[in-house]
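Trainee: I would like a close look at a single part of this model. Please take me through it in one go.

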Amino acid sequence: ESTDWQRHLVSTSLTGRLLGYVKSKVHPEMFSTGWLKAYELICAYPLVPSTAQKEGTLRSLHLCESGAHVSALNHYLKTNSTGVAWEWTAHSFSFTPSVRE
């Protein structure tokens, strides 16, 4: 049964407990598993160039990313890169077909 499988996933998933903990401590905007993964990558790898801190500006382009990923970068910049002005652009597309009469 799918309900048995759901119960199994909930009982064995460590991320469920981790998500709740991070959400209660950090209070991130648009929080999700995607937000947490994006934040982890931003912290683990030098994705924000050191020149951004020196120049005081970071420019970024986000193509087909979730809003949670953009929010994770915003959170990182607000908590780790004081004085950096962030100029960003995002582009996405929708699979919703237009209605033609």
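At what angle do the axes of helix α3 and helix α5 cross?

Mentor: This is a predicted model, in which local features need pLDDT of at least 70, side-chain atom pairs count only at pLDDT 80 or more, and totals for chains, interfaces and linings use all residues. Residues are numbered from 1 along each chain as its sequence is written, and side-chain values use heavy atoms, with hydrogens and water left out. The axes of α3 (residues 33–44) and α5 (residues 67–80) cross at roughly 45° and come within 8 Å. Axes here are lines fitted to C-alpha atoms, for helices over the stretch in contact, and angles run from 0 to 180 degrees between N-to-C directions. Helices are DSSP runs (H or I, at least four residues) and strands likewise (E, at least two), numbered from the N terminus. The crossing is right-handed, that is, the near helix is turned clockwise from the far one by less than a right angle.

In α3, the residues that meet α5 are Gly-34, Trp-35, Ala-38, Tyr-39, Ile-42 and Cys-43. Their partners in α5 include Ala-72, Leu-73 and Tyr-76, contact meaning heavy atoms within 4.5 Å. The residues of this contact divide into 9 nonpolar, 6 polar and no charged; Ala, Val, Leu, Ile, Met, Phe, Trp, Tyr, Cys and Pro count as nonpolar, Asp, Glu, Lys and Arg as charged, and the others, Gly among them, as polar.

Leu-73 also touches Ser-60, a residue of strand β1 (residues 57–63).

Definitions and conventions. Lists of a residue's contacts leave out its neighbours within four places in sequence.
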